[in-house]
Amino acid sequence: MIALLLFLVLGTTLYWLIRHQYTYWNRRNFPSDPDTTIPCGCLKSVVKHEKSMGVAIYDAYLKKKSPFIGIYLLFRPAVLIRDPKLARQILIQDFSSFHDRGVYVDEKRDPLSCNLFSLRGQSWRSLRQKLTPSFSSGKLKAMFPTSDDIGNKMVEYLNRILPEEGGAEVDIKDIFVTYAIDIIGSVIFGLDINSYEDPKNKFRCLVHKARRNNIINANIGMLIFLCPALIKFMVLLGFKNNTAIGLREILKETIEYREKHNIVRKDMVQLMMQLRNTGKINEDDDNWNAKVNTTVGEEKEFTLDHIAAQGFIFYIAGQETTSSAAAFTIFELAQYPDLLALAQNEVSEVLKRHNGQLNYDCLQEMTFLDLCLQETNRKYPFPFLSRECTQDYTLPGTKHVIEKGTPIVIPLLGIHRDAEHFPNPMTYDPDRFSPANANYSDHAYMPFGAGPRQCIALRMGKINSKLGLVKILQNFNVEIMSKREIIIDNHSVGIQPKGGVKIRISKKPKSTN
């Protein structure tokens, strides 16, 4: 009887605590989502596996027209910033009040979590400054031949599987995922791999395993944003990021082999070795030496674990953004014959000026493809940006205060598909970004974020996506198809296409290559 009474008291107390939590915004007279559901907040459709987290946040964006809305991410009160001008103020001018992403990181117990995306405060600032020289135009140009070689291997693979006459349907997203994984394996991890020839190589098997459990990975990905304290608790109980651990072992083998045999290669792992051994990345684009410049026995500030942490986040972010941008661009061009012809003609004309030789400088001249990628990143961005309020902040022009520790969500999918900012948002229109015919709100376009925490590798991602596009347009005919939209998989955080991205392509006659 006493046990039953205790159970009822605890249950009732818990019920009223939860109810009280869900009055957080009402108690502050804050504009809020009218359809909040206990205990899911605005994520009821995610919990029921009906929609992805990104689409659920997009739905919240559509419910009210206020510049900002109080929402609940499960039990956590958060602020959804609908006004892109306010979003930019938070990301740029008032960055000092929102300098962290608010996602899981544990510098003391989990060094593999200490990547540039997750780190907070001074730890982030210091690492950002150290890594920035890695992405200079000179260093990207030096690494370009490696990416180009992988693009050629993609072309060879497609030539093997396509019939000599007529076309065939391919999942272009899957093709570009392999392309992106091999670029990351080669440029970031310093491996000599060809997953088109050897799909069971160690690196691909490791990352493929990480991609395979879609529901599990999506849930962990959401918890990193929604409940970082829970992830920290799981790590204390023994939960391990096996992918990051496996990548660490690959990096360890690569670094030890290079140091033993005095091998210098122009890739990202060489720059990470340089940072580990000398304390900085040389700003001289011709200096890739990683010779040790520290006292014997001295503890290095940037360790193998730190290198592995950066490699892991570059893999997670890089393979998805590169493959999606390239695949969605081809998918859209296949529905617009005039745009496809413009893209194909530009590739042919620029290559002709360079005697058929594709190089870094040649790629910069393909300006229409730049517009296409801009439009793709508008229509298919990562659905939201996240920040955490790091000190109490009064919203400009109001008396509303965002308390320290409150998550901030900027719904990019909603902003980028809002006719107020981008007329006819579901129409694929690269010309809207043309300087001569600009037809959009420039403050509303931020697919890679804005301000000091803007994606550090955005230029590398653009180059590799563009290179992949050129390889397809240069070597294959893309068949026109009827208008259709990508169906977003429910078990994802970002925009994962359900069933892949299917298009039909065929070989070009060799004389026209």
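Modeller: With the element names: helices here are DSSP runs of H or I with at least four residues, numbered from the N terminus. Note too that this is a predicted model.

Colleague: How much space lies in the largest cavity, and which residues lie nearest its centre?

Modeller: The largest cavity has about 110 Å³ of space. Its lining is made of 16 residues, and those nearest the centre are Leu73, Phe225, Ser386, Pro407 and Val409.

Colleague: Which helices and strands each supply at least two residues of that lining?

Modeller: Helix 3 (53-63) and helix 9 (214-226) do, as do strand 4 (385-388) and strand 7 (407-410). By residue class, the lining of the largest cavity has ten nonpolar, two polar and four charged residues.

Colleague: What lines the second largest cavity?

Modeller: That cavity, with about 80 Å³ of space, is lined by Leu140, Met143, Phe144, Ser147, Ile183, Val187, Met460, Ile463 and Asn464. At least two lining residues come from each of helix 6 (137-161), helix 7 (172-188) and helix 18 (458-475).

Colleague: Which helix gives the largest share of the lining of the second largest cavity?

Modeller: Helix 6, with four residues. The lining of the second largest cavity counts seven nonpolar and two polar residues, and no charged ones.

Terms used. Residues numbered from 1 in each chain as written. Predicted model: local features only at pLDDT ≥ 70, side-chain atom pairs only at ≥ 80, totals over all residues. Heavy atoms only, no water. 1 Å grid on protein atoms, 1.4 Å probe; cavity = no way out; pocket = protein on both sides within 12 Å on 5 of 7 lines; lining within 4 Å. Points joined across faces, edges and corners; volume = space filled by probe spheres on them. Nonpolar A, V, L, I, M, F, W, Y, C, P; charged D, E, K, R; others polar.
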